[in-house]
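Welcome! Please take a moment to look over the sequence and the 3D view, and then we will walk through them together.

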Amino acid sequence: MNLDGMNLWVIVPAYNEAAGIEATLRALEAQADRDFTLVVVDNASTDGTAEVVRRHGVEVISEPRKGTGAASDTGVRHAIANGATHIARTDADCLPRPDWVRNIRRAFGDGLEMVGGRLRPRTDEFPLKFWERRFIPLVVQVAATFGRFRPGNRDPLYKGPYVMMPGCNLAITADLYRRADGFPRTAIEEVHEDRALVNRVRKITSAYGSRRDVVVFGSVRRLRAYGLAGTLAWYADHRYRPDVVDVR
């Protein structure tokens, strides 16, 4: 694939992340490949998130309907309307590795229309115990295994196997996003919007996959708040529903 005409945008949905989003912005500023447009979607924050982002010279758009699916969809469609040909998403509590954008671009060059990657735990938030360092990769592995066997992910209409693609580490072509009808405009506690998008894509093409060199470091604050069993149940299928889902 000729990548000369690629117009890559990075979308970051954010809700009440004023205290931590600067780390995400710095990680994106430190990318080896800086040829992308960055937009943060302020999802009705009440803590000054938008002001923090604007101080970094980054565009902020708003989505009043609260939800990771709704905010991500608004951001991606804004990018497409402004000429994006490819869009990557990470989250406001995550740190993409410095080669993240470069390796996403390579994956698109290899013919993929949708790209996922590995999720590893952040180590800069607070000291991690050994089991916590191992737990996020385990959660992703368990969810991926569970996903391959759950009935909703098994359908003769799917053109390829189920692949776990965390929403904080996902990229897609504008053309495929439109054809798949994008992220469902939902709240985080309603639907795993990343899984929903993967399954929409699976009905259209088999040109998707997860790359080991596409790496994002994710927050472990949900693990600290929910505990071991609660976190597994949350990521498996929202079987654990705490009163507060916006862990800060």
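What percentage of the residues in the protein chain is buried? Buried residues make up 56% of the 248 residues in the protein chain, where buried means under 20% relative accessible area, exposed means over 50%, and partly exposed lies in between (1.4 Å probe, protein chains only). Before going further, please keep in mind that this is a predicted model, in which local features need pLDDT of at least 70 and side-chain atom pairs count only at pLDDT 80 or more, while totals for chains, interfaces and linings use all residues. Residues are numbered from 1 along each chain as its sequence is written, and side-chain values use heavy atoms, with hydrogens and water left out.

Let us begin with the overall picture. The protein chain has eight helices and eight strands; these are DSSP runs numbered from the N terminus, with helices (H or I) of at least four residues and strands (E) of at least two. Among the contacts with a separation of 6 or more in the protein chain, 76% are between residues 24 or more positions apart, a contact being heavy atoms within 4.5 Å. The protein chain exposes about 11100 Å², and carbon and sulfur atoms supply 51% of that area. Accessible areas come from the Shrake-Rupley method with a 1.4 Å probe, and for residues only the protein chains shown count as cover.

Now find helix H3, residues 68-81. Its 14 residues reach 20 Å from the first C-alpha to the last, close to the 20 Å expected at 1.5 Å a residue; the expected span is 1.5 Å times one less than the number of residues. Why is H3 described as largely enclosed by the rest of the structure? Eleven of its 14 residues are buried, so the helix is largely enclosed. Gly-69, Asp-73, His-78 and Ile-80 are among those buried residues. Their cover includes strands E1 (8-14), E2 (37-42), E3 (59-62) and E4 (86-89), along with helices H6 (174-180) and H7 (193-202). After H3 comes Gly-83, whose phi is positive, near 105 degrees.

Ser-72 is buried, with a relative accessible area of 1%. Leaving aside residues up to four places away in sequence, Ser-72 touches Ile-11, Pro-13, Arg-89, Tyr-177 and Phe-183.

Next, turn to the cysteines. A disulfide is a covalent bond between the sulfur atoms of two cysteines. Here the test is a pair of cysteine sulfur atoms within 2.5 Å, and the structure holds zero disulfides. The sulfur of Cys-94 has its closest cysteine sulfur in Cys-168, 4.0 Å away, so the two are too far apart for a bond. Cys-94 is buried at a relative accessible area of 3%, and Cys-168 also counts as buried, at 8%.

Finally, look at strand E8, residues 208-218. E8 pairs with strand E5 (residues 95-96) in the antiparallel sense over two bridges, and with strand E6 (residues 114-121) in the parallel sense over eight bridges; strands pair if DSSP finds at least two bridges between them. Val-216 in E8 is the bridge partner of Pro-96 and of Leu-119. In the loop between E8 and helix H8 (221-237) you will find Val-220, which is buried with a relative accessible area of 1%. Val-220 and Arg-120 are 100 residues apart in sequence and 9.5 Å apart in space, C-alpha to C-alpha.
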